[in-house]
Amino acid sequence: MSSNSDAMLNQWKRTLETATRRVQKLPTNRERGRLTRATGLVLEAVGLRLPLGCSCMVELADGQGETEAEVVGFNGDRLFLMPLVETSGLVPGARVWPANPRPGAGQSQSKQLPVGDALLGRVVDARGRVLDGRGPLIEPDNVSLNSPTLNPLQRAPIEEVLDVGVRAINALLTVGRGQRLGLFAGSGVGKSVLLGMMARYTQADVIVVGLIGERGREVKDFIENILGAEGQRRAVVVAAPADMSPLLRLQGAAYATRLAEDFRDRGKNVLLIMDSLTRYAMAQREIALAIGEPPATKGYPPSVFAKLPALVERAGNDAPGKGSITGFYTVLTEGDDQQDPIADAARAILDGHIVLSRKLAEAGHYPAIDIEASISRAMTALIDEPHFECIKYFKQMLSRYQRNRDLISVGAYAAGSDRLLDEAIRLYPALEAFLQQRMSERADVEHSVEGLKSLLTS
């Protein structure tokens with residue numbers, strides 16, 4: 001009888017210990033604050049002590065439920081919140097509480113989002129929710145949105161040529177695996193078409209496309225008509241269009257980069273296309289100005305110029321023998337101004353830039369790449385001396401012709417006056433044809449370089 005009592009007592013002790021552990025994991029009390037102010041994009045709340053980036057729920061009036069907001073700043077005991085969606089029904093004194101209980105020891109407060117092969121061929125929003133109507137993700141992995149920074153001394157050097165399928169880039173602006181380039185363009189000069197060509201033709205295991213701050217119509221058009229079925233099969237598209245909260249636009253860019261990092265960590269070579277880096281900077285500007293950060297350069301607060309390198313530096317090569325992320329970031333040049341502060345900052349942190357010219361686009365020259373204004377900083381380590389000499393000579397001939405185009409057009413130039421200009425005039429039709437390429441045409445690296453050499457030796 002005594003042994004049965006001892007066994008029952010031990011069982012009750014184990015049950016009590018299990019229940020105690022579960023209770024200890026629960027928050028001791030549910031924190032609540034109240035809304036004191038709503039101005040523009042920002043809400044102010046008191047009565048809560050929460051870290052930056054924490055999600056909150058804000059009560060709406062008349063039984064409309066609640067809306068989610070994120071802590072974006074604080075001043076003394078006041079928290080600055082920004083709703084994730086456009087909200088109506090806010091009232092003074094509305095209750096505010098954390099969206100999730102405080103994490104226990106060893107648990108992270110950072111957001112957990114889906115990653116992995118389950119997302120291939122899918123279109124998701126900035127919160128990892130599917131947009132393509134093809135059902136839920138099948139057993140995705142969930143990871144923190146934040147990732148550890150790679151040691152720059154442990155990264156593999158850029159020494160392998162990446163075939164992007166575009167003749168002008170392969171031959172004259174050779175790209176290396178793990179490089180990060182900017183695509184600088186105004187509106188309506190063929191930026192999306194060029195991105196689609198690279199997405200379809202680039203030799204990469206996985207393509208991650210971040211459509212940040214673009215028009216909603218362009219998202220579907222890019223996926224169906226530009227990326228195409230072939231490109232979509234090995235791609236993940238993260239869409240955070242212009243009508244989303246600036247918080248979600250920022251998160252969309254970070255999420256696309258985190259997806260690329262996850263595939264890179266699995267040993268894959270990833271092509272990351274971010275369209276656009278400018279919209280990312282504008283989203284950060286909206287948030288920073290709304291919480292009172294002073295503008296510095298043409299309305300952009302200092303935090304914008306700190307956010308850009310933090311995002312871009314996450315791309316690149318991993319350690320030797322592991323995966324890589326080759327990044328193409330579009331930069332919108334307002335009014336075709338190449339000295340725009342975001343364009344200027346992007347040039348400083350990227351490994352090269354490809355400039356699209358409106359004049360070429362208006363003349364029907366596609367892709368409208370301005371070879372003279374473009375550069376690949378890693379190119380000299382990727383190509384041999386004969387190839388480099390061909391590039392130099394090609395640019396010299398093109399530049400010589402462009403500088404004297406007006407004289408040639410009006411017939412003021414007399415043949416024989418300048419031997420190099422005579423050669424440039426002879427070669428120019430072939431140079432121009434070499435730089436043009438149809439959207440449906442693929443030009444690999446070998447044929448591009450051979451075409452360049454044969455063109456200049458003919």
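## The barrel

In this predicted model, six strands form a closed barrel in the order β1-β2-β5-β4-β3-β6, with antiparallel pairing. Strands are DSSP runs of E with at least two residues, and helices are runs of H or I with at least four, numbered from the N terminus. Two strands pair if DSSP finds at least two bridges between them.

Strand β3 (residues 55-59) runs antiparallel to strand β4 (residues 66-75), and five bridges join them. In one of these, Ser55 has Glu70 of β4 as its bridge partner.

## Two helices in contact

Helix α10 (residues 385-403) packs against helix α13 (residues 445-457) at about 60 degrees, with the axes 10 Å apart. Axes are lines fitted to C-alpha atoms over the stretch in contact, and angles run from 0 to 180 degrees between N-to-C directions. The two helices α10 and α13 are therefore oblique to each other (under 35 degrees is roughly parallel, over 145 roughly antiparallel, 65 to 115 roughly perpendicular, the rest oblique).

The contact (heavy atoms within 4.5 Å) involves His387, Cys390, Ile391, Tyr393 and Phe394 of α10 and Val449, Leu452, Lys453, Leu455 and Leu456 of α13.

## A buried valine

Val208 belongs to strand β13 (residues 206-212). Val208 has a relative accessible area of 0% and is therefore buried (under 20%; exposed is over 50%, partly exposed in between, with a 1.4 Å probe and protein chains only).

The C-alpha atoms of Val208 and Leu271 are 6.2 Å apart, although 63 residues separate them along the chain.

## Basis

Residues are numbered from 1 along each chain as its sequence is written, and side-chain values use heavy atoms, leaving out hydrogens and water. Local features need pLDDT of at least 70 and side-chain atom pairs count only at pLDDT 80 or more, while totals for chains, interfaces and linings use all residues.
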